[in-house]
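Please keep the sequence and the structure in view while reading.

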Amino acid sequence: MTFEEIHDQILAGGRSATLAEAAERGRVLTTYGGKSQQMFAVTLAESKKMFDGPEEKWVSWAVAEYHLKNKNNTHHIRQIGDVLCALREEDFPMFQRFLSTSMSKLFELHEIYLNKGVAALINFVNLYFPHDDVEREELRRKKAQLLDKPKPESPEQPELGLKFDVARDTLDEAELVKQTAARGFDEENALNMGTNGVLLCHTAVRYVVENHSRIEQEAQGEARLIYLTWLRDQEQKMREAADALRALAERTTAGIQEA
């Protein structure tokens, strides 16, 4: 199956008929990075339902089969897939919409689904998440209200522990979201994280720009498409970040001028 065939099947509500088909779909989808994360989550959740064996055995199989980062990352993706699969049965238009919603926002919905069920989740989305422009922090705040989670009274310094090889490892966005939600994570942590992220991005992009001709020449067939997909994905993420920062800077400038 090609990526386009799998994409169209899942968008139309098609399901993996066998574990072998889920494995094949997953292997294709994982080569397309950010463009197919949500669809891969669906396929991963389907594979778990069809797997003959305990959860621990399934997650070991999934990590090896799809070349995933680790077991924890695999569970995070599967949890999003569980939400999407449930919505596919109960609210198909919402399922289709969420196939292009950021994984970090979809991860916020799993706890509602787990604790309140799919009907409550659908009601929550209709009330508080009617479009994807809703900020993740606002989504998290509304979720906490629904689940009656009190805000911590005293701050606690978070242990970020982001030890990774910047040139070989890939950070898990869901894990980063959890870190920023930790008690004690404040604006100083966020600004430092942002500064480090920008420096990493700037340095990496400079290398890619300087070596673009060689990279493009050496990339053949599907590898060239993967490279192009990476360029488009990063461009979109950086544009969204730049737009958000520009808007905040304009608001802050206006506040200074009015003071």
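Angles between axes under 35 degrees count as roughly parallel, over 145 as roughly antiparallel, 65 to 115 as roughly perpendicular and the rest as oblique. The axes are lines fitted to C-alpha atoms, for helices over the stretch in contact, and the angles run from 0 to 180 degrees between N-to-C directions. Helices (H or I, at least four residues) are DSSP runs numbered from the N terminus. The model is predicted, so local features need pLDDT of at least 70 and side-chain atom pairs count only at pLDDT 80 or more, whereas totals for chains, interfaces and linings use all residues. Residues are numbered from 1 along each chain as its sequence is written, and side-chain values use heavy atoms, with hydrogens and water left out.

The axes of H4 and H5 come within 9 Å and cross at roughly 100°; the two helices are therefore roughly perpendicular to each other. Contact (heavy atoms within 4.5 Å) is made by Glu55, Glu56, Trp58, Val59, Ser60, Ala62 and Val63 of H4 with Lys71, Thr74, His75 and Arg78 of H5. These residues divide into four nonpolar, three polar and four charged, where Ala, Val, Leu, Ile, Met, Phe, Trp, Tyr, Cys and Pro count as nonpolar, Asp, Glu, Lys and Arg as charged, and the others, Gly among them, as polar.

The loop between H4 and H5 contains His67. Its phi is near 55°, a positive value in a residue other than glycine. Most residues other than glycine have a negative phi. His67 counts as exposed at 71% relative accessibility, the classes being buried under 20% relative accessible area, exposed over 50% and partly exposed in between (1.4 Å probe, protein chains only). Asn73, by contrast, is found in H5 (residues 71-90) and is buried, with a relative accessible area of 11%. Leaving aside neighbours within four places in sequence, Asn73 is in contact with Leu68 and Asp172.

Leu109, Ile112, Tyr113 and Lys116 of H7 meet Val118, Ala120, Leu121, Phe124 and Val125 of H8. The residues of this contact comprise eight nonpolar, no polar and one charged.

Finally, Arg97 lies over the face of Phe129, at 4.7 Å from the ring centre; the criterion is NZ of Lys or CZ of Arg within 6 Å of the ring centre and within 35 degrees of the ring normal.
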